[in-house]
Amino acid sequence: MSVLFTPVRLGPLTLKNRLVMAPMGTCLDNGGYITDDTVAYYRRRAEGGVGAITVEGCLVSADTVGPEPRISGPEYLPGLRRVVEALRPYDVTVGVQLMHPGRQVVEGPSVAPSPVPLNSASPVPHELTVPEIERIVADYAQAARYAQEAGYDYLEVHGAHGYLPSNFLSPQHNHRTDAYGGPLGNRARFSVEVARAIVAACDLPLVWRLNGTDAEPGGFDPESAVAVARMLEEAGVASISVSSGTWLTLQQTLAPMSVPRGHMRPLVRAVKQAVSVPVMAVGRLDDPQLAENIVEWGEADMVLLGRGLIAEPDWPLLVRDGRRDELRPCIACNACVDLVGRGERARCSVNPEVGRELTWEVKPTARPRRVMVVGSGPSGLEAARLARLRGHQVSIWERDAELGGKLEVAGLAPSKREVLRFREHQARRLTALGVEIHTSAPVSAGTVAAERPDVVIVATGADALVPPIPGIDGPTVHDAQRLLRGEIAVGPGTRLVVVGGSATGCETAELMRARGAEVTIVEMRGSIGRGIEAITRRQLVRQLKKDGVEVLTRATVVGIDPGVVHWQEADGTAHSIDADLVALAIGWRPTGSDVTSGLELGEGVEVRVLGDADSPADFVRAVNAGADAGLTV
């Protein structure tokens with residue numbers, strides 16, 4: 001048996017396996033109260049066989065304003081208790097994370113060890129006085145008592161990611177000169193006091209989430225993390241959960257797909273070697289072999305799965321039972337993170353069940369029908385999968401040589417290779433389910449007539465917009481997707497102008513720069529990467545500039561001549577750029593009406609137009625639109 005499925009001790013508790021669901025915000029609560037949706041979300045993960053679940057961060061102080069659930073008063077206990085009761089039948093150990101965001105709030109009181117704002121756009125936080133610090137320590141202790149009363153098995157304090165305890169630890173942001181600032185022992189005083197207060201207040205084992213590094217210049221570093229881990233162990237902490245990064249370095253905390261799996265391993269290894277209590281590892285560890293190696297090699301005792309369990313709740317059972325090829329891959333697109341960061345309910349790009357577990361039901365159809373899916377982008381693939389699961393006879397038709405639609409194109413960029421894993425997963429599932437797959441198969445009226453479908457689902461995506469710019473029909477001007485597919489030769493030294501700084505424009509610039517082209521992006525708006533998830537966007541834009549891609553913003557292309565692109569600044573100032581090739585990535589036009597107008601459908605044939613074929617949107621909306629069609633057809 002895999003070492004991941006051996007028991008492990010957490011204080012007086014024995015976890016059935018070494019897989020722990022990491023606490024991640026969901027925005028499924030209602031004004032701080034746990035809802036039916038929250039309960040269903042956690043129940044679904046418990047069904048998947050995870051050994052322990054740490055319920056998302058709950059606010060410990062009544063005056064803190066945030067989208068998180070609360071554990072700051074007895075009125076919140078009924079909902080918190082419902083989570084525990086719902087999970088008990090699944091032999092899962094249940095904990096809850098206690099949280100004080102400090103200065104990382106969007107509204108309400110912003111507090112910190114020192115009056116150092118989060119960034120130039122944020123308010124200056126209130127510098128906590130010693131009596132205020134003591135009150136917050138007491139809030140943690142009272143929250144611990146509430147958690148024990150609600151029936152939780154263990155507690156976790158969020159002491160990482162720039163939240164209040166982490167903020168105290170950082171020499172970059174803690175400028176105090178009293179007992180809570182200066183030397184590391186003083187900066188750690190708040191964390192140690194919170195840990196001791198919780199240990200004294202209840203009988204539950206305490207996990208402490210600690211940054212192995214802030215990954216900021218002058219911030220909390222790995223050597224300090226080792227020292228603080230030892231202090232916390234001495235204070236009675238039963239386990240250390242090692243993470244990294246802050247709001248300023250989120251590419252560490254919530255690594256996008258361009259960051260390798262296991263990037264935090266050196267941090268957890270250092271802490272593991274320094275303490276005797278069990279240690280938890282995190283950081284894109286949803287590859288089973290990687291997770292096994294970390295435990296087998298003694299780098300950590302337990303492995304945290306966060307986004308991996310959002311994408312695939314059954315990860316533990318599938319790995320345990322040797323069905324790894326069925327794992328729905330988390331592609332680290334961070335759509336879940338982006339939505340929650342905006343205060344919206346959690347959803348997932350690869351798992352449409354997320355956020356609607358309460359009502360999700362794949363109900364067998366009472367009347368099997370012939371369903372023809374035209375187009376195999378995210379919407380088409382998901383519609384075909386769910387329609388087949390429900391018992392319909394399903395065929396999928398793709399004009400290109402491989403399934404995937406825009407997934408295939410997006411996955412060609414160096415930073416987006418993970419997208420292809422989802423495409424491959426969906427193709428395997430459709431084959432296993434018995435969906436008829438037709439590639440290199442454009443659909444005509446004759447194709448539909450021959451198939452005699454009861455339902456036609458049009459998921460053909462969108463075509464590139466071609467605005468009326470003089471010279472845009474010239475021989476050196478191409479849709480950016482053609483460059484991504486390799487249909488247009490681009491070699492070292494090619495002068496390429498990418499018109500449009502959308503996701504496709506940025507991906508084209510990235511890939512062509514990697515091939516040695518001299519690349520300039522011209523974008524009308526004030527920034528590039530609009531529509532890309534914030535962490536991924538920040539990482540991608542930083543990398544493009546580092547690689548030497550020139551970026552011109554608030555710039556409008558007004559004409560294209562052989563070898564040159566003409567553009568204007570917002571004030572009308574004219575410029576020109578030498579260009580051997582021009583790639584267009586300006587926007588999208590839905591193709592659904594084009595397809596349906598060319599079909600001759602028999603009487604009673606149902607037609608549905610989905611995803612970008614209906615209205616260009618993002619990956620999450622496309623997959624969910626496909627799911628809705630598959631569930632209801």
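These are my notebook entries on a predicted model of one protein chain, beginning with the whole chain and then going to single elements and residues.

**Entry 1, the whole chain**

I began with the secondary structure, and I count 23 helices and 27 strands in the protein chain. I then looked up the radius of gyration, which is 26 Å and close to the 26 Å that the globule rule gives for 633 residues, so I note the chain as being as compact as a globular protein of that length. Along the principal axes, the C-alpha trace spans about 75 × 65 × 45 Å.

For burial, I find that 60% of the 633 residues are buried, and the protein chain exposes about 24,100 Å², of which carbon and sulfur atoms supply 50%. Of the contacts with a separation of 6 or more, 71% are between residues 24 or more positions apart. I also looked up the charges: there are 65 positive and 77 negative ones, and their mean positions are 3 Å apart.

I next checked the length of helix 7, which covers residues 222-234. With 13 residues at 1.5 Å a residue it should span 18 Å, and because its end C-alpha atoms are 19 Å apart, I take the two values as agreeing.

Which residues of helix 7 are buried? I list Ser224, Ala225, Val226, Val228, Ala229 and Leu232. A general point on helices belongs beside this list: an α-helix has 3.6 residues a turn, so residues three or four places apart point the same way. The cover over the buried residues of helix 7 includes helix 4 (164-169), helix 5 (184-187) and helix 6 (189-201), together with strand 9 (206-211), strand 10 (239-243) and helix 9 (265-274). Just after helix 7, I note that Gly236 takes a positive phi of about 110°.

I placed Glu408 in helix 15, residues 406-410. Leaving aside neighbours within four places in sequence, I find Glu408 in contact with Glu402, Leu420 and Arg423. I also looked up the pair Glu408 and Leu484, which are 76 residues apart in sequence and 9.6 Å apart in space, C-alpha to C-alpha.

Gln426 lies in helix 16, residues 418-433.

I found Thr447 in helix 17, residues 445-451. Thr447 has 17% relative accessibility, which is under the 20% cut-off, and therefore it counts as buried. Beyond the residues up to four places away in sequence, Thr447 touches Met372, Trp397 and Pro442.

Where is Ala579 found? I place Ala579 in the loop between strand 24 (574-578) and strand 25 (581-584). Although it is a loop residue, Ala579 counts as buried because its relative accessibility is 3%. Not counting residues up to four places away in sequence, Ala579 touches Arg495, Val497, Gly563, Val564 and Val565. For one of these, Gly563, I also looked up the distance: Ala579 and Gly563 are 16 residues apart in sequence and 4.9 Å apart in space, C-alpha to C-alpha.

Conventions
Residues are numbered from 1 along each chain as its sequence is written. This is a predicted model: local features need pLDDT of at least 70, side-chain atom pairs count only at pLDDT 80 or more; totals for chains, interfaces and linings use all residues. Side-chain values use heavy atoms; hydrogens and water are left out. Helices (H or I, at least four residues) and strands (E, at least two) are DSSP runs, numbered from the N terminus. Contact means heavy atoms within 4.5 Å. The radius of gyration is taken over C-alpha atoms; the globule rule is 2.2 Å times the number of residues to the power 0.38. Buried means under 20% relative accessible area, exposed over 50%, partly exposed in between (1.4 Å probe, protein chains only). Accessible areas come from the Shrake-Rupley method with a 1.4 Å probe; for residues, only the protein chains shown count as cover. Lys and Arg count as positive and Asp and Glu as negative; His and the chain ends are not counted. The place of a charge is taken as NZ of Lys, CZ of Arg, CG of Asp or CD of Glu. The expected span of a helix is 1.5 Å times one less than its number of residues.
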